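Subject: Structure handover

Hello,

Here is the structure I promised to pass on. Please open it first, then read the notes below.

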Amino acid sequence: MGKTTEDTPILVAQTGPLNGQRWALFDGVIVGREPGCDIFIPSRQVSRHHARFVVDADGVTLEDLGSKNGTHRNGREIDGPARLQDGDIISIALAQQFVFVSSDATMPLEPLSEEHQPLPGMLRLEARSRRVWIGKQEILPPLSLSQYSLLELLYRNQGRVVDRKELVETVWGEDESIGVSEQALDALVRRLRDRIAAIDPTHAYIITIRGHGLRLDNPDRED
């Protein structure tokens, strides 16, 4: 699955609905309007599977996946694979802008707000880069945005049951949440459980409280 080092390229969201969020880039990261995408952009201007990042030993290449409204690098629409350089500005359908940083070693570290301080437990989240660890092992490739949003909600509410309405509105947004089915939420929860179980199959972190919602059971770390 690969190992994160200080040379990991980073994508930072700027103007747009994801403003301020960050992702460590690994090969095959998909950007699009489909909630299952690695980077989910809730905008009608964005195609379901809009663009892809290809990571190899020489760097990172951006590819448009036949989107309707195009993918731009530094203000120009790309018409083929585009090799990225540190500081490149990427626009997805002009709905969401990102800056590409070639290494997380060059990222300015900002003090974490109180709500984003890591909490005790085997499972830990790093909100700046949307990275997740269980014990000392990081979940790689990174969770999709929908998976991470669901997990972060549970993580920030350890000790209480989060109801379905809050779960759906957090992941899909209030405008889109009305049409989200039980099956869609269940499928997302199942995929997230599978990702966690691939690291630690010995513990059920996400607990279903029938008729109420979900709760995160995050055991103490084993130092």
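Start with Q147. This residue is buried, because its relative accessible area is 8%, under the 20% cut-off. Keep in mind that the model is predicted.

Q147 sits in helix α1, which spans residues 145-155. Leaving aside residues up to four places away in sequence, Q147 touches L188, R191, L192 and R195.

Next, the helix pair. Two packed helices are described by the angle between their axes and the distance between the axes. The axes of α1 and helix α2 (residues 164-172) come within 9 Å. They cross at roughly 135°. The two helices are therefore oblique to each other. The crossing of α1 past α2 is right-handed.

Which residues meet there? From α1 come S146, S149, L150, L153 and L154. From α2 come E166, L167, T170 and V171. The contact residues divide into five nonpolar, three polar and one charged.

Now the sheet. Three strands form an open sheet, in the order β12-β13-β14, with antiparallel pairing. β12 (123-126) and β14 (137-138) stand at the edges. Each has a single partner strand, so one side of each is left without a neighbour in the sheet.

β12 and strand β13 (residues 131-134) run antiparallel and are joined by four bridges. E126 stands opposite R131 in β13.

α1 lies across β12 and β13. The helix runs at about 115° to β12.

Best wishes

Terms used
Residues are numbered from 1 along each chain as its sequence is written. This is a predicted model: local features need pLDDT of at least 70, side-chain atom pairs count only at pLDDT 80 or more; totals for chains, interfaces and linings use all residues. Side-chain values use heavy atoms; hydrogens and water are left out. Buried means under 20% relative accessible area, exposed over 50%, partly exposed in between (1.4 Å probe, protein chains only). Contact means heavy atoms within 4.5 Å. Axes are lines fitted to C-alpha atoms, for helices over the stretch in contact, and angles run from 0 to 180 degrees between N-to-C directions. Angles under 35 degrees count as roughly parallel, over 145 as roughly antiparallel, 65 to 115 as roughly perpendicular and the rest as oblique. A crossing is left-handed if the near helix is turned anticlockwise from the far one by less than a right angle, and right-handed if clockwise. Ala, Val, Leu, Ile, Met, Phe, Trp, Tyr, Cys and Pro count as nonpolar, Asp, Glu, Lys and Arg as charged, and the others, Gly among them, as polar. Two strands pair if DSSP finds at least two bridges between them.
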